[in-house]
Amino acid sequence: MRANCYRVPAEPDTLAAVAEGWLKRYVATKELRTEKEIRRRLDKHVLPKLGTKVFASIERIEFSRLLDHIEDNHRARTANQVLTDLRSMANWYETRDSNYVPPFIKRMKRGTEVKRERALNDDELRTIWRAADDDGAFGSLVKLALLTGQRRSKLVTMKWGDVRGGCWYVPQGHVREKNAGGELVLPKLALEIIEAQPRFLRNPHVFPGTRGCHHHQHRNAQART
């Protein structure tokens, strides 16, 4: 009797399955420092919407609608980060499926990004960091700006209640970006700098003395009240 040669066809890969393979075989092997943040973006913005869909069947318009949703409810920068993740994932998957054609095109980017002339080099960053050691709370603010990439105008609005579980939770209506809320995962050193700041009973801000007046003058004024 001949053996049954019938083979059960393989199930098509869902976006969730492709994402896991991409993270394991591409992101992790390159030891990207942003791996944790990439996973967080996928878990929060992509998988709940498209995770169960067959990856190769997802059309450009579906990805565009997802990016529109992220831009409207979070910010354009987050949408562009997700776009970068998905584009890289699609390019990786293309090498494993000869019939797959990535649906992404150049004009899918959201918003307008202002390009800076250049970034500080390592020596300049070290010089600024050392100088900040001797400048009290303002120096701590500078260090936090270097660690998080956030502007001073955003950092001075940070409240103690917004920092919990290793994240900075920016409430709705915050000046951070287009009146939209969001969260920022803080590195360990940034959390240590925040925890080292003095707390004032009548002021909920982490950096109260940087909001319109010199820190030391503000601290002395509070001490007298």
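The following dialogue goes through the terms applied to this predicted model and the values behind them.

Student: Where is confidence lowest and where is it highest?

Tutor: The lowest mean, 41, belongs to helix 9 (residues 215-224), and the highest, 95, to helix 3. Helices here are DSSP runs of H or I with at least four residues, strands are runs of E with at least two, and both are numbered from the N terminus; the protein chain has 9 helices and 3 strands.

Student: How do you know that the length of helix 3 agrees with its number of residues?

Tutor: The expected span is 1.5 Å times one less than the number of residues. For the 14 residues of helix 3 (residues 60-73) that gives 20 Å, and because the end C-alpha atoms are 20 Å apart, the two agree.

Student: Which residues of helix 3 are buried, and what do they pack against?

Tutor: Glu 62, Phe 63, Ser 64, Leu 66, Leu 67 and Ile 70 are buried, and the buried residues of helix 3 pack against helix 1 (15-27), helix 2 (35-50) and helix 4 (76-94).

Student: Why is Ser 140 called buried?

Tutor: Buried means under 20% relative accessible area, exposed over 50%, and partly exposed in between, with a 1.4 Å probe and protein chains only. Ser 140 has 16% relative accessibility, and therefore counts as buried. Ser 140 is found in helix 6 (residues 136-148) and, leaving aside residues up to four places away in sequence, is in contact (heavy atoms within 4.5 Å) with Ile 193, Gln 197 and Phe 207.

Student: Is Leu 120 buried, exposed or partly exposed?

Tutor: Leu 120, in the loop between helix 4 and helix 5 (122-132), has a relative accessible area of 40%, so Leu 120 is partly exposed. Together with Ile 128 and Leu 146, Leu 120 forms a nonpolar patch on the surface, with about 210 Å² of accessible area.

Terms used: Residues are numbered from 1 along each chain as its sequence is written. This is a predicted model: local features need pLDDT of at least 70, side-chain atom pairs count only at pLDDT 80 or more; totals for chains, interfaces and linings use all residues. Side-chain values use heavy atoms; hydrogens and water are left out. Patches are made of residues with over 30% relative accessible area and no salt bridge: like charges are joined within 9 Å, nonpolar side chains (Val, Leu, Ile, Met, Phe, Trp, Tyr) within 5 Å. Accessible areas come from the Shrake-Rupley method with a 1.4 Å probe; for residues, only the protein chains shown count as cover. A salt bridge is a side-chain nitrogen of Lys or Arg within 4 Å of a carboxyl oxygen of Asp or Glu. pLDDT is the predictor's confidence in each residue, from 0 to 100.
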